[in-house]
Amino acid sequence: MGIPFVRTHAVEQVFRRKLEVAAILLFWLSLCGCAHQLGFVTYYDPVTYKNLTDLKPEILALYDSFATDSLNSSQIAGLRLKLAQMYEYEYGKGQKNAETSEQIKILRNLFEKHVDDRMKNGKWSATHLSNQKQNLTEAFDIAIQTERIKNKNE
C-alpha cells in the first residue's frame, strides 16, 4: 500500500510542478503582451534597420581607403553627418529607445577612434585594417540584430 501512495504523491508533485511552470510562463507571456504599455520595449523600426544596414558597408568601404596614402576627408565628413543624424533620430524616440541610441553612440565613438587613428598614425597595414573592420562589423551586427529582433507588432 505504501508504493501506490508514493506514486500518487510523485504524480501530484509532477503535476504541481507543471502547473507552477505553466503559471510562470503565462505570467511572462502576459507581461510581454503588456510590455509596450508598461514602457519596457520599443518596436522594430524599418528606418533604423535601413540606416544601420546602409551605413555599415559605406564605412567599411571608407576603411579600405585607410590602407592607401590618400584620405578622403569629404567622405569622412559625410559619414560623420550620417552617424550624427542616426543618433538624433534614435535619441529623439525617447527614453524607451535609450539602448538603441546608446548603440549608435558606440558606433560613432568607434568610427571617430578609427578615423583619429588613421589621421595620427598614417595608412593602415593589412592586418590593422582587417582588425578594425572586424571590430566595426561586430558593433554594427549587434545593433542590426538588436533592431531586427524587436517586436514587429505595433
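Me: Why is Tyr63 called buried?

Reply: Buried means under 20% relative accessible area, exposed means over 50%, and partly exposed is what falls in between (1.4 Å probe, protein chains only). Tyr63 has a relative accessible area of 0%, so it counts as buried. Keep in mind that this is a predicted model, where local features need pLDDT of at least 70, side-chain atom pairs count only at pLDDT 80 or more, and totals for chains, interfaces and linings use all residues. Residues are numbered from 1 along each chain as its sequence is written, and side-chain values use heavy atoms, with hydrogens and water left out.

Me: Are Tyr87 and Tyr91 buried or exposed?

Reply: Tyr87 has a relative accessible area of 13%, so it is buried. Tyr91 comes in at 52%, so it is exposed.

Me: How do you know that Thr100 is buried?

Reply: Its relative accessibility is 5%, so Thr100 counts as buried. You'll find Thr100 in helix H4 (residues 98-121).

Me: What makes Thr100 and Lys150 a polar contact?

Reply: A polar contact is a pair of N or O atoms within 3.5 Å; within protein, one must be able to donate a hydrogen and the other to accept it, and residues adjacent in sequence count only if both atoms are side-chain atoms. The side chains of Thr100 and Lys150 make one at 2.8 Å.

Me: What makes a group of residues a nonpolar core?

Reply: It's a set of buried Ala, Val, Leu, Ile, Met, Phe, Trp, Tyr and Cys residues joined through side-chain atoms within 4.5 Å. The largest one has 24 residues, and those with the most contacts inside it include Ile59, Tyr63 and Phe111. Helices H2 (46-65), H3 (73-91), H4 and H5 (126-148) each give two or more residues to this core.

Me: Which residues is Leu136 in contact with, leaving aside its neighbours within four places in sequence?

Reply: Contact means heavy atoms within 4.5 Å. With those neighbours left aside, Leu136 is in contact with Ile59, Leu60, Tyr63 and Leu110. Leu136 is found in helix H5, and with a relative accessible area of 0% it is buried.

Me: Why is the charged end of Lys152 said to sit over the ring of Tyr44?

Reply: A charge sits over a ring if NZ of Lys or CZ of Arg is within 6 Å of the ring centre and within 35 degrees of the ring normal. The charged end of Lys152 is 4.8 Å from the centre of the Tyr44 ring and sits over it.

Terms used
Helix = DSSP H or I, 4+ residues; strand = E, 2+ residues; numbered from the N terminus.
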